[in-house]
Amino acid sequence: MAIRLKLGNYETVQGDPLGRSFIGYFPRMTETEAWEAGRGVWRMNAEKASRQRFAVIVGEGHIRAVGEVTGVTAQGDRIALEGTALPSGHPVRDAWLGKPDPVVNGSQNPVGYCELPEEKEFLYRPCACGCDENTDRDFLPGHDVRAIQARVREHFDSSPLKFIQWVDDALTGAAAISSHTADQQP
Ligand SMILES: [Zn+2]
């Protein structure tokens, strides 16, 4: 899921916890301006917000910036997102910038959540080595090697040579089966 934050009307502010001089939407604001105006400060669930990788900032019904969330900070009883506006070329930003508000629920709450199909490949998931840590790749850095080494240790007497010979034999066998199958095609 991604978090959607809806900008209100433009207004200047003083003593803003994020050091801003204005919040809210104004026409032709840049993506960076929209991200800065939209990343805080909101009444929202910090734990849920911190689980989102992407945030879309909506102004006057359309997405004005797509940000990558790197963390959240508490500002009194409110929450701000840390992160940056995604640059041109990022698939999530390119798919959604300028599009209508993706959250259609009839609620007046400026904070909403939605699924963005393009975000899937970037989402955090358990590392495939089984270490119980999360990553946006198949493995955390180095954990792929660790996972292979564990199998070599456990099943091949710690011998990489045995492992490689086993793989080559398996592939040779598979090739023999598929060529045999191919021979049977009419
Ligand atoms: Zn791991």
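## Overall dimensions

The radius of gyration is taken here over C-alpha atoms, and the rule for a globule is 2.2 Å times the number of residues to the power 0.38. By that rule a compact globule of 186 residues would have a radius of gyration near 16 Å, whereas the chain in this predicted model has 24 Å. Along the principal axes, the C-alpha atoms fill a box of roughly 70 × 45 × 30 Å.

## Fold, burial and surface

Five helices and nine strands are present in the chain, and they follow one another along the sequence in the pattern β-β-β-α-α-β-β-β-α-β-β-β-α-α. Of the contacts in the chain with a separation of 6 or more, 51% are between residues 24 or more positions apart.

Buried residues account for 32% of the 186 residues, and the chain exposes about 11400 Å², of which carbon and sulfur atoms supply 52%. The side chains include 20 positive and 26 negative ones, with the centres of the two sets lying 6 Å apart.

## Helix 1 and its surroundings

In helix 1, which spans residues 31-38, the buried residues are Ala34, Trp35, Ala37 and Gly38. Seen down the axis of helix 1, these buried residues fall within an arc of 165°, and they therefore line one face of the helix. The buried residues of helix 1 pack against strand 1 (2-6), strand 3 (22-23), strand 4 (54-59), strand 5 (62-75) and strand 6 (78-85).

Tyr10, in the loop between strand 1 and strand 2 (11-12), is 27 residues from Ala37 in sequence and 9.2 Å from Ala37 in space, C-alpha to C-alpha. Tyr10 is partly exposed, with a relative accessible area of 42%, and, leaving aside neighbours within four places in sequence, Tyr10 is in contact with Phe22, Ile23, Gly24, Tyr25 and Phe26.

## Backbone geometry in the loops

Most residues other than glycine have a negative phi, and most peptide bonds are trans. Against that background, a cis peptide bond joins Gly40 and Val41, with omega of about -15°; Val41 is placed in the loop between helix 1 and helix 2 (46-50).

The loop between helix 4 (143-155) and helix 5 (160-183) holds Asp157, which is not a glycine and yet has a positive phi of about 55°. Ser158 lies in the loop between helix 4 and helix 5, and its phi, near 60°, is likewise a positive value in a residue other than glycine. Asp157 is exposed, with a relative accessible area of 59%, while Ser158 is partly exposed, with a relative accessible area of 47%.

Definitions and conventions. Residues numbered from 1 in each chain as written. Predicted model: local features only at pLDDT ≥ 70, side-chain atom pairs only at ≥ 80, totals over all residues. Heavy atoms only, no water. Helix = DSSP H or I, 4+ residues; strand = E, 2+ residues; numbered from the N terminus. Buried < 20%, exposed > 50% of the residue type's maximum accessible area, 1.4 Å probe, protein only. Contact = heavy atoms within 4.5 Å. Areas by Shrake-Rupley, 256 points an atom, 1.4 Å probe, with all protein chains shown as cover. Lys, Arg positive; Asp, Glu negative; His and termini not counted. Charge placed at Lys NZ, Arg CZ, Asp CG, Glu CD. Arc of directions from axis to C-beta.
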